[in-house]
Amino acid sequence: MKEKRFYRIRRFFSGTPALGWLLGAFGAVLLESLVGDPFSEILGLPKIPVLFGVVIMLKKPALIPGAFAYVLLIYAIPVILFTRITAKGMNWMADKLDKMPLWFSAALHLLVLYFTLDLWAQVSDYRLLLIKLMLIAIMLTLSLNVINGYMGEFSCSHPGFMALGAYVASVFTVGLFMNDRLFGHALLPAGIGQFLFPIGLILAGAIASIGALVVAIPSFRTRGDYLAIISLAFMFIVKSLIENLEVVGGPRGLSGQPDWATLPTVFIWAILCVWTINNFVESTMGKALNAVRDEESAADAMTVNTRKTKMIAFMFGAFWAGIAGGLLAHVLRYINPGTFGLQKLAEVLAMVYFGGLNSVIGSIVGAVGFNLLSEMLRPLEIFKWIIIPVLLILVMIFRPTGLIAFKHFDIREILKPKLKMKERV
Amino acid sequence: MPLLQVKNMTHFFSGLRAVHNYNLVIEPGEIHGLIGPNGAGKTTIFNLITGVYTPTEGEIYLEGESIVGMQPHEIASRGLGRTFQNMKLWRHMTVLEHVMMAHYSKLTYGLVGAFFGTAKRYREEAEIEKHSMELLDLLGVAQFADQNVLNLPYGVQRKVEMARALAVQPKILFLDEPTVGMTPEELVGMMEVFRTIHREFGPAIFLIEHRMKVVMELCEQIQTLNFGEVIAEGTPEEIQRNPKVIEAYLGKEEVE
């Protein structure tokens, strides 16, 4: 009986390709931007619920019916209606796209995704910040997954790499293009700074990956707990180094970063990160990480250069962590060494292990899920830090390697047209 | 010039002498056996030649070039393939991925190809995939290509490991007890695999084995090892008759 019910639900949703869902979501967001304000007024809500009404529901239980009705009428029903009605057309379109080059199809989907996010974020600055932080979290989680998941080393140095990236990028932009108390007058006009920002970020990533050598070289001989301690030590070294460097503000931190980490910038970098990491882990060179993790001596005997493989993994992971750190600095526009401490480490590790080891899609789900959850449960205050850890424990008990572990991220498979289950049988 | 030559190799494990004054000459295409009781140092000799350990003393030449002190992967890519006593398969990888991985040293697309997916990368990956499938086909395990190795029967896992070692395109193949724990039927299949490999690729084979049937049937030259020293060397018939070998395996005959 129960299975039958599940089957029905699954059949109900399975007929729509990714394109349909994306356009449906775009439609819902468009609807919100058009009628969201008057609509929430009718339902007695103070303003448009920013996070699917969850925050409002938890804050003021009296508004639960209103918030619920809002989510139902603005998001749920339009999306379901849209996807049901257009399923056939969408499948036809997905089929057409499936025959075109993959990059074109992927770019089109990403464009729809971007406009959906952009429109959604226009409602409030809070949403904009949330999306940016979420995209940065995806980059961080994925880059840590390369080291902890794909290569199976327990590295704790990620906040250290982020800190390196954040400070390098900040010094680059603040020092060159801004009038600042610490660095004096701008050396170059701020107008061209926006275009040179990517160079600053790449520089940030490069410095972070040079820093990664400090952890990568000991990893030739040590594994497991010992390497975890070495990497933890690296994180603390970076933190106290920055705390004692008065040039970059010491423990007071560094502020005044220009607002260059706009949504399109962060979005493009996140896509680049997912794309290159997925490319890498799907190649035989990238799979060498798995071979090193599962049986290092066998990898060595099968001509795999294990030292090079470890160096690549650490430096590549650190590169993206550095870029993510640089973006974070320009999203928050203020950083201090305390940002990159144990708290950050716990957060990134939780996202990796929650989402799933050895899986690109798992990392995306982990980062998005963890961030949404932690924002939605914010009104619960102290109880939030009971619920989230309990959830993590449950995930670890029932799915020890994470929600979606050891899965290939096959873009074509995700975007392809979906037949109804009935037709498939 | 011999394919592989080991001269006066001695190795100590912090004071314990594991191998003493070991010499070996293998010509191209030759099948050479290494037997001896448990703990005699057979696997240590394998690990010394393949570069896992660096010998305390002695010289090793592969095709006339000294390989002492090289990393295992450097030695392997010069044409030394090996299998392991306990197989050492990669638990999260499929059969095809195993064999493709052993082509690592032949990949030339580099990091740019790996990160950005260049045309060269897809061409090379397709090439090694084709070659891997041919190897799997030859050993009769091609139908398992997309399966995870851990789900397969023991005999198939052994063949996968063999295909992986062959993907290195070895001039000499080191086999460490390749038939251990096999049923009689699997053993017959494995012997057939050895013959196929030798016929198709003609590598020299250096074999550690406990089953006398296998050793006596395949090997042209046999060394017997005891406490890290070679106590007898010769053709299978000579070894079988050698009193020292009998003593090492069965103990000394009591003289009344």
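Visitor: Which side chain of chain B meets A:K287 in a salt bridge?

Guide: The partner is B:E97, whose side chain meets that of A:K287 at 3.2 Å, N to O. A salt bridge here is a side-chain nitrogen of Lys or Arg within 4 Å of a carboxyl oxygen of Asp or Glu. Before going further, a word on conventions: residues are numbered from 1 along each chain as its sequence is written, while chains are lettered from A and ligands numbered from 1 in the order in which they are written. This is a predicted model, in which local features need pLDDT of at least 70, side-chain atom pairs count only at pLDDT 80 or more, and totals for chains, interfaces and linings use all residues, with side-chain values based on heavy atoms and with hydrogens and water left out.

Across the interface of chain A and chain B, the rule finds 1 salt bridge. Alongside it, 15 residue pairs are in polar contact, both at pLDDT 80 or more. A polar contact is a pair of N or O atoms within 3.5 Å; within protein, one must be able to donate a hydrogen and the other to accept it, and residues adjacent in sequence count only if both atoms are side-chain atoms.

On the chain A side, the elements that give two or more residues are α10 (263-282), α11 (284-294), α12 (296-301) and α13 (306-332). Such elements are DSSP runs numbered from the N terminus, helices being H or I with at least four residues and strands E with at least two. The biggest contributor is α11(A), with 8 residues. By class, the residues on this side divide into 13 nonpolar, 11 polar and 8 charged. In that scheme Ala, Val, Leu, Ile, Met, Phe, Trp, Tyr, Cys and Pro count as nonpolar, Asp, Glu, Lys and Arg as charged, and the others, Gly among them, as polar.

As for extent, the contact (heavy atoms within 4.5 Å) takes 32 residues from chain A and 36 residues from chain B. Together the chains bury about 2900 Å², with 66% of that on carbon and sulfur atoms. A:T284, A:M302 and A:T303 supply 26% of the area that chain A buries against chain B, more than any other three residues. Buried area is the accessible area (1.4 Å probe) that two parts lose on being put together, summed over both.

A:R223 lies in the loop between α8 (190-216) and α9 (224-243) of chain A, and A:E296 lies in α12, so the pair ties together parts that are 73 residues apart in sequence. Over all chains, the structure holds 18 salt bridges.

There is also a contact inside chain A to set beside the one between chains. By an automatic or database domain assignment, chain A is divided into domain 1 (2-121) and domain 2 (127-349). Their contact takes 13 residues from domain 1 and 8 residues from domain 2. The area buried between these domains is about 940 Å², with carbon and sulfur atoms giving 77%. On the domain 1 side, A:Y114, A:W120 and A:A121 lose the most area, together 52% of what that side buries. The domains share 1 salt bridge, and the side chains of A:E32 and A:R127 meet in a salt bridge at 3.0 Å, N to O. Helix α5 (residues 102-121) of chain A gives the largest share of the domain 1 side, 7 residues. That side has 11 nonpolar, no polar and 2 charged residues.

Finally, chain B has an open sheet of 4 strands in the order β2-β1-β4-β5, with antiparallel pairing. β2 (16-26) and β5 (65-66) of chain B stand at the edges, each with a single partner strand, so one side of each is left without a neighbour in the sheet. Two strands pair if DSSP finds at least two bridges between them. β1 (residues 4-13) and β2 of chain B pair over 7 bridges, and 5 bridges join β1(B) to β4 (residues 57-62) of chain B. B:Q5 has bridge partners in both of these neighbours: B:V25 in β2(B) and B:Y61 in β4(B).
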